[in-house]
Amino acid sequence: MSEPKSPTPTPGDTYKGWLFKWTNYIKGYQRRWFVLSNGLLSYYRTQAEMGHTCRGTINLATANIAVEDSCNFVISNGGAQTYHLKASSEVERQRWITALELAKAKAVQMQAESDDSGDDFPAVSPNSGQGGDCRNTEIQSTLRTLNSKVEDLATCNDLIVKHGSALQRSLSELEGLRVAADMGEKVKQVTERATLFRITSNAMINACRDFLSMAQSHSKRWQKALQTEREQRIRLEETLEQLAKQHNHLERAFRGATVLPPSFSNPALGNKGGVSGKADASDEDDDNEFFDAMEEPAEFITVPADPKYHRRSGSNISGISSETGTDDQSVNFDELSLASNPESPQPLELEPVRQRRTRIPDKPNYYLNLWSIMKNCIGKELSKIPMPVNFNEPLSMLQRLSEDLEYYELLDKAAKSHSSLEQMCYVAAFTVSSYSTTVHRTGKPFNPLLGETFELDRHRECGYRSLCEQVSHHPPAAAHHAFSEKGWTLRQEITLASKFRGKYLSIMPLGSIQCIFEKSNNHYSWKKVTTTVHNIIVGKLWIDQSGEIDVVNHKTGDRCHLKFAPYSYFSRDVPRKVTGVVTDKDGKAHYVLSGTWDEKMEFSKIMQSSKGENGTEGKQRTVYQTLKAKEIWRKNPLPEGAENMYYFSSLALTLNEPEEGVAPTDSRRRPDQRLMEEGHWDEANAEKQRLEEKQRSTRREREREAVKAASSPEEAVTEASINDSPLKTDAKEPAPASSEISDESAHPDTYQALWFEKIDDPVSGETLHIYKGGYWEAKEQGNWDMCPDVF
């Protein structure tokens, strides 16, 4: 955003000169041309820019001027703009300070004079709340006085008409008199009425004079108020126009920011002294420069390693000093071996068993105001808000969980790694890759029904099988299990906690994800970050991921700390940035990861680390000397026409494709979801209401069974043995009393998952649902008698 152009200075009221201005920790102080004119301090890169490009302007009327030392001083207008300046000498600094103080005093005086209308009434700022009240009271009092004067004029007018008519009658009677004796009496009456008419006319004239005097005394103030309103309206129109242009520019930049700059792995630093400045963006040009201030400084800096490390790592692995770590020096060679190993996964060269679909019906253009539905749901749990399918996408949450396997190749490579630290890099990249499908996916997935499942069988194409099951409804929880013939197992249990805050929607995934490698027996676990959907009220919906993830290897103690930076309009850093450091059990860093969660990730081997300069709040940053970064993951391009197909990836397009032999509880068989995909949204909404009511009836029946089991546990055991159903009660312990039965959250054992069982993991110490087996065997036999009636 460009700063407003400074006004043309007037002769005799301008001070110009060179000063050094602080930009950032990379470039430090930079020489700039400053111009002080009409109470405004503006600066330019060169004198030649004065005619066309102003880099920044501060209004001294509201600015604070502080001297730091013999040559340095600071100018700030309350936080929005802060200039750290340095003069060439103490004398030059004093000249500038004197000129700035004089200009500030004059600017304050001119502002006070401009606020004063020139009459006897005190000038009151319309921006302050009390001043606005006083001004309104004053205007109301003036209006009441003017109304009183107008009423006096009306009264005088009535009296003049009355007495004028009486005088006219008297004169007429005087003309008709014939008797001289009556003449004196009539003349006396005419004289009296003429006197009354004169008095009334004088009162009329005085009232008019008072009204005119008051109108003249207030005319200047009214004209000033009218002019102020006009100027404010013009400024508001200009501001709105500028904001619209900035919004358009930011939206284009947001959409087009898909290519990382060459040095994106070097995070930007905070401004000097931690002072926040957001209006200095134009001080730097397009050659990958930084803000004068960043909101959240990075915790570390990466710089290229000494060339000797490149030569030694390429010629002799064992020649690298033990200080840099020898546990995983073969990382570069492992990548080569993975690429050339015939046993390595090469999914692109395998012939698929079946031709899967590449398109779904285009999304209908049905308009429905989201705010009209969600304005009454602020602060509520999203899963408890009845939503029409207009805001959904034709996939369930179970299918969205299965999309985490889109980049399963990363786990295949990790299974082949000989180093636990290198394996950690692949697992961390897999963690980030699971968010790449969400960047444009603003549609809400269908909430799975209790007992609903989804299988993703890619055993013959990709070497893995995946199964999800909805194991709880309130709170909604899904269990996921995937295993691969390449030697890895992925399992997770996710419970979504969501809150609607008015302007945005926060989705907090609770639970953990675990990955176990068969060959090395390495056991990894991590959690998900917060997803935020912005512009709920107005504007285009967009999604951001923010937070921190710790990927932990419970066997070796290795750890990778990933940081998802929240998006900021005022940051010139790459959007959706992710950084991470891989450390061993002793806390020693070995790898740096950097990239974006929607595009790609790279990793660099750390050859040496040292403590750098202090950042904000006295925190000391670590400087890592790294080898050249290598790409570890890149997002697959979206299929053609994805914008008309809910921005689905190639894998997502196949998730709801009908398949033979799947369980009757599979999400592909869900009727409302199928109707929505086919474009029949009205029918889908009706079917969705039917399924929700059926689920509520099933829950009430389950609660009645729990009440019955509480009074007769033996009878519950008998019924459970007769009815081969997963909706059985636990016969080992009596169910709670009927007074305690309200919903499923009060009875976690009233529903038992069909394919998963809840256990305590001895490695991670977490309690989660683990796949207990039987699904794929039931599929091979075609025996689904044990499945509940979900749809």
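User: What should the 14 residues of helix 9 span at 1.5 Å a residue, and how far apart are its end C-alpha atoms?

Analyst: This is a predicted model, where local features need pLDDT of at least 70, side-chain atom pairs count only at pLDDT 80 or more, and totals for chains, interfaces and linings use all residues. Residues are numbered from 1 along each chain as its sequence is written, and side-chain values use heavy atoms, with hydrogens and water left out. Helices are DSSP runs of H or I, at least four residues, and strands are runs of E, at least two, numbered from the N terminus. The expected span is 1.5 Å times one less than the number of residues. For helix 9 (residues 420-433) that gives 20 Å, and its end C-alpha atoms are 20 Å apart, so the two agree.

User: Is helix 9 mostly covered or uncovered?

Analyst: Mostly covered: 14 of its 14 residues are buried (under 20% relative accessible area, 1.4 Å probe, protein chains only).

User: How do I read an aromatic pair, say W755 and Y775?

Analyst: You describe a pair of aromatic rings by the distance of the centres and the angle of the planes. Rings of Phe, Tyr and Trp (its six-membered ring) pair if their centres lie within 6.5 Å; planes under 30 degrees apart are stacked, over 60 edge-to-face, the rest tilted. The count here comes to 19 aromatic pairs. W755 and Y775 are edge-to-face, 5.3 Å centre to centre with 90 degrees between the planes. W755 lies in the loop between helix 13 (713-722) and strand 25 (756-760) and Y775 in helix 14 (residues 775-781), so their pair ties together parts 20 residues apart in sequence.

Terms used:
Buried means under 20% relative accessible area, exposed over 50%, partly exposed in between (1.4 Å probe, protein chains only).
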